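Welcome! Take a moment to turn the model around on your screen, and then let us walk through it together.

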Amino acid sequence: MAEVSFHEVTKVFPNGTTAVEALTCTIADGEFMVLVGPSGCGKTTALRMIAGLEEPTSGAIAIGGEVVNGVSPQDRDIAMVFQSYALYPHKTVLQNLAFGLRQHKMPTAEITERVREVSSLLTLDDLLDRKPAQLSGGQRQRVAMGRALARRPRVYLLDEPLSNLDAQLRTQLRADLKQLHQRFSTTTLYVTHDQVEAMTLGERIGVMSGGKLLQLDTPQEIYRRPANVFVAGFIGSPPMNLLSASAADGHVDAGDLALEVPGAPSGELVVGVRPEALRLPTGAFAAAASRPPPPPPGSRPCPPSGLPSSPGSTRAVSPRWARRSNLGCHWKTCTCSMPRRVSRWPGPSPSPPGAWPDPEDGSDAAGGAAGDDPGVAVRERQRECRRHLGRAGRVGRHRPP
Ligand SMILES: Nc1ncnc2c1ncn2[C@@H]1O[C@H](COP(=O)(O)OP(=O)(O)OP(=O)(O)O)[C@@H](O)[C@H]1O
Ligand SMILES: [Mg+2]
């Protein structure tokens with residue numbers, strides 16, 4: 001067992017990608033630490049540098065107090081479960097599980113005992129004679145895990161070891177991993193995208209983004225007191241609600257949410273609210289809260305004779321026409337229960353299904369097919385009559401051509 005520490009470690013790949021930037025942290029001896037972060041933030045690269053598969057561009061990595069920069073992977077006494085499994089394709093499951101133990105010249109009886117233990121733990125007993133190509137993704141992942149667990153190294157590096165397993169097996173293996181860690185207390189660095197895994201397994205969680213370690217703390221602290229907006233939005237499922245707000249004299253105004261926070265810094269800020277922190281009001285308070293708000297000053301109810309046919313119009317249409325035409329209420333400040341009509345007839349494509357043209361809007365372009373609306377059809381026929389007869393009155397007496 002050993003402590004692992006990064007000191008100002010940076011990794012820049014030859015193509016110029018900075019995968020890890022100035023990483024400084026220590027994983028205590030026997031600690032189970034979890035690394036989380038979006039894809040491409042440098043988690044695997046950090047693990048590979050501990051394992052000796054990548055050399056840091058600058059900075060130092062120490063295992064058990066000794067700087068291991070330049071030390072070959074086999075001399076670091078580390079077991080790693082790779083994201084890509086990295087099984088030996090020509091060896092059977094049994095040989096894959098036993099490979100690391102044979103390399104360390106372990107007695108055959110002990111190898112058999114260890115392999116039996118992990119194959120039973122990971123339910124691999126029926127697969128021991130198969131080769132990796134004959135296994136499913138989840139089975140390969142279990143073999144990769146078993147190969148690491150069969151060893152008793154100083155440090156475990158586990159790169160998304162449960163990602164391909166079904167939910168039931170994952171939950172079971174998560175519990176087994178926890179138990180194994182309690183039993184052997186091997187220093188473990190565990191990478192995952194699964195927040196439940198991170199919160200339940202990690203003694204501490206490191207949140208990375210863009211190659212940088214943004215926060216390293218216990219799951220509770222990360223959840224309750226995220227260091228910045230990224231961590232606040234990343235940790236938690238569903239995520240934290242983030243509202244833009246402005247604050248002055250301890251009063252925080254975030255739109256619909258107004259808070260008194262004595263000592264809050266004045267200026268623009270972001271308010272984070274966890275969904276479970278919101279309470280639905282009950283009892284008398286709930287009744288008061290569910291009552292519609294009082295009408296704004298200067299508002300008027302709909303005219304009793306009917307609804308105005310367009311905003312600002314003094315002409316009223318009958319309620320029947322309004323209902324049939326799906327007009328709704330035009331009065332911006334009205335408090336009636338009629339659905340609010342948002343805009344004038346917008347044209348064919350964005351119109352609400354079943355909507356009718358505005359009775360005052362004479363243009364046919366505004367209403368699509370005139371045949372949809374008896375009112376429009378009548379007016380159209382009247383216009384045709386006027387054009388045909390050249391007479392403005394007495395339209396109804398003549399048939400349109
Ligand atoms: N060999 C390489 N050469 C160049 N760039 C690389 C190499 N390996 C990784 N990278 C880049 O380094 C960055 C970090 O990669 P890394 O594999 O560490 O991410 P990750 O956090 O493990 O992502 P994921 O969650 O998808 O596994 C990425 O932008 C990746 O494209
Ligand atoms: Mg990775």
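## Around the ligand

Let us begin with a working rule: a residue is near a molecule or strand if its C-beta atom, placed from the backbone, lies within 6 Å of it. Which residues come nearest to ligand 1? Of the 13 residues around the ligand, the nearest are Phe-13, Ala-19, Ser-39, Thr-44 and Thr-45.

This is a predicted model, in which local features need pLDDT of at least 70 and side-chain atom pairs count only at pLDDT 80 or more, while totals for chains, interfaces and linings use all residues. Residues are numbered from 1 along each chain as its sequence is written, and chains are lettered from A and ligands numbered from 1 in the order in which they are written.

By class, the shell around ligand 1 holds three nonpolar, nine polar and one charged residues. Here Ala, Val, Leu, Ile, Met, Phe, Trp, Tyr, Cys and Pro count as nonpolar, Asp, Glu, Lys and Arg as charged, and the others, Gly among them, as polar. Helix H1 (residues 43-51) gives the most to this shell, with three residues.

## The chain as a whole

The protein chain has eleven helices and 16 strands. Helices (H or I, at least four residues) and strands (E, at least two) are DSSP runs, numbered from the N terminus.

Of the 401 residues in the protein chain, 29% count as buried. Buried means that 20 or more other C-beta atoms lie within 10 Å of the residue's own; exposed means 12 or fewer, and partly exposed is in between, with C-beta atoms placed from the backbone.

## The nonpolar core

In soluble globular proteins, nonpolar side chains tend to be buried together. A nonpolar core is a set of buried Ala, Val, Leu, Ile, Met, Phe, Trp, Tyr and Cys residues joined through C-beta atoms within 7 Å. The largest one here has 67 residues, and Ile-50, Leu-157 and Leu-189 have the most contacts inside it. Helix H4 gives the largest share of this core, six residues.

Two residues are in contact if their C-beta atoms, placed from the backbone, lie within 7 Å. Leaving aside neighbours within four places in sequence, Leu-189 touches Val-4, Ile-27, Met-33, Leu-35, Leu-47, Ile-50 and Leu-157 in this sense.

## Helix H2 and its cover

Which residues of helix H2 (residues 93-103) are buried? They are Val-93, Asn-96, Leu-97, Ala-98 and Leu-101. Their cover includes helix H3 (108-121) and helix H4 (137-150). After H2 comes Lys-105, whose phi is positive, near 55°.

## A loop proline

Pro-38 sits in the loop between strand E3 (32-36) and H1. Why does Pro-38 count as partly exposed? The reason is that Pro-38 has 13 C-beta neighbours inside 10 Å. Pro-38 and Met-208 are 170 residues apart in sequence, yet 7.6 Å apart in space, C-alpha to C-alpha.

## Two open sheets

One open sheet has four strands in the order E2-E1-E4-E5, with antiparallel pairing. Strand E2 (18-27) and strand E5 (66-67) stand at the edges with a single partner strand each, so one side of each has no neighbour in the sheet. Strands pair if DSSP finds at least two bridges between them. Five bridges join strand E1 (residues 4-12) to strand E4 (residues 58-63), and Thr-10 has Ser-58 as its bridge partner in E4.

Another open sheet of four strands runs E13-E12-E11-E14, again with antiparallel pairing. Its edge strands are strand E13 (257-260) and strand E14 (267-273).
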